[in-house]
Amino acid sequence: MPVPSGRLYGLGVGPGDPELLTLKALRLLRAVPVVAYPAPDEGDSFARSIVAAWIVGHQREIAIRFSMRPGPPPVAIYDSAAAALAAELDRGSDVALLCQGDPLFYGSFIHVFVRLAGRYRIEIVPGVSSLTACAAAAGVPLVAHNENLVVIPATLDEAEITRRLGEADVAAIVKLGRHLAKVRRVLHQLGLLDRALYVERATLPNQRVAPLGCVDPRDAPYFSMALVGSAGITDAI
């Protein structure tokens, strides 16, 4: 008799503070025999570190190693990761794939999901996203009433960032890192620099919130964000 395939859980583990892990994510994390997570080529996984206190010794772990070089990871990494998880699922093992923040908000989980959806049972457990975590850390409202919110990757070129900012009442510019100088230049040209807040490492003990114009571009980590536009943001500055 064939063994039923396992179920893949995409677990959002939140932005960094372990206390923001949902009860459902914690229950599933404790129950699965296999835990997978993204990790750099060398060193520890940030997603795993968030939930390390609840990973037990008998669980098998799969580290999906990514290069920290600029640009999207090679397709082969996601192909290999999907194949490794599929092998566990085919053996009947349930697998929790950890994702920093929310699995469907710029999450590496998305690239595994599209490779396995339709072949296996998949359940996605939302997590606190970096967007809402940064707003909470800054103590500012994101949008209200009829305002719109546009999320803009800082990896885009200046012309495209400018165009998208023109369509936004409020903007969240994500993945700042080495692109901070470019983003500051665009915001200055649009007269928006004094309406932009910078947030890095939201919810962690070393989180930082500051006016974007006061931040040295050399100091910005990849996981940092600029919130631009609303009256609440302007008042906070």
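In strand β3, I62 is the bridge partner of A36. This pair belongs to a predicted model, in which local features need pLDDT of at least 70 and side-chain atom pairs count only at pLDDT 80 or more, while totals for chains, interfaces and linings use all residues. Residues are numbered from 1 along each chain as its sequence is written, and side-chain values use heavy atoms, with hydrogens and water left out.

**The parallel sheet.** Helices (H or I, at least four residues) and strands (E, at least two) are DSSP runs numbered from the N terminus, and two strands pair if DSSP finds at least two bridges between them. Strand β2 (residues 34-40) and β3 run parallel and are joined by seven bridges. Both are part of an open sheet of five strands with parallel pairing, in the order β3-β2-β4-β1-β5. Its edge strands, β3 and β5 (121-125), each pair on one side only. Neighbouring strands here are turned by 25 degrees against each other on average, direction ignored; axes are lines fitted to C-alpha atoms, for helices over the stretch in contact, and angles run from 0 to 180 degrees between N-to-C directions.

**The mixed sheet.** Another open sheet of five strands has mixed pairing and the order β6-β7-β10-β8-β9. Because β6 (149-153) and β9 (208-211) stand at the edges with a single partner strand each, one side of each is left without a neighbour in the sheet. In this sheet, neighbouring strands are turned by 20 degrees against each other on average, direction ignored. Strands β7 (residues 170-174) and β10 (residues 224-228) run antiparallel and are joined by four bridges. Within β10, L227 is the bridge partner of A172.

| α1 (residues 23-31) | β1 (7-12), β2, β4 and β5 | about 135 degrees with β1 |

Helix α5 (residues 130-138) has the buried residues L131, A133, C134, A135 and A138, buried meaning under 20% relative accessible area, with exposed over 50% and partly exposed in between (1.4 Å probe, protein chains only). Their cover includes β6, β7, β8, β9 and β10. After α5 comes G139, whose phi is positive, near 70 degrees.

**Nonpolar cores.** A nonpolar core is a set of buried Ala, Val, Leu, Ile, Met, Phe, Trp, Tyr and Cys residues joined through side-chain atoms within 4.5 Å. The largest has 22 residues, and L165, I173, L176, V183, L187, L212 and V228 have the most contacts inside it. Two or more residues each come from β6, α6, β7, α7 (180-189), β8 (196-200) and β10. The largest share, four residues, is given by α7. A second, separate core of 20 residues includes I64, F66, L89 and V112.

**The cavity.** A cavity is a set of points, on a 1 Å grid over the protein atoms alone, where a 1.4 Å probe fits but cannot get out; lining residues have an atom within 4 Å of a point. Grid points are joined across faces, edges and corners, and a volume is the space filled by probe spheres set on the points. The count comes to one cavity of 30 Å³ or more, and the volume of the largest cavity is about 60 Å³. Its lining residues are P38, I64, F66, Y78, L97, L98, C99, S108, F109 and V112. The elements giving two or more residues to this lining are β3 (60-66), β4 (95-99) and α4 (109-116). The largest share, three residues, comes from β4.

Key:
1 Å grid on protein atoms, 1.4 Å probe; cavity = no way out; pocket = protein on both sides within 12 Å on 5 of 7 lines; lining within 4 Å. Contact = heavy atoms within 4.5 Å.
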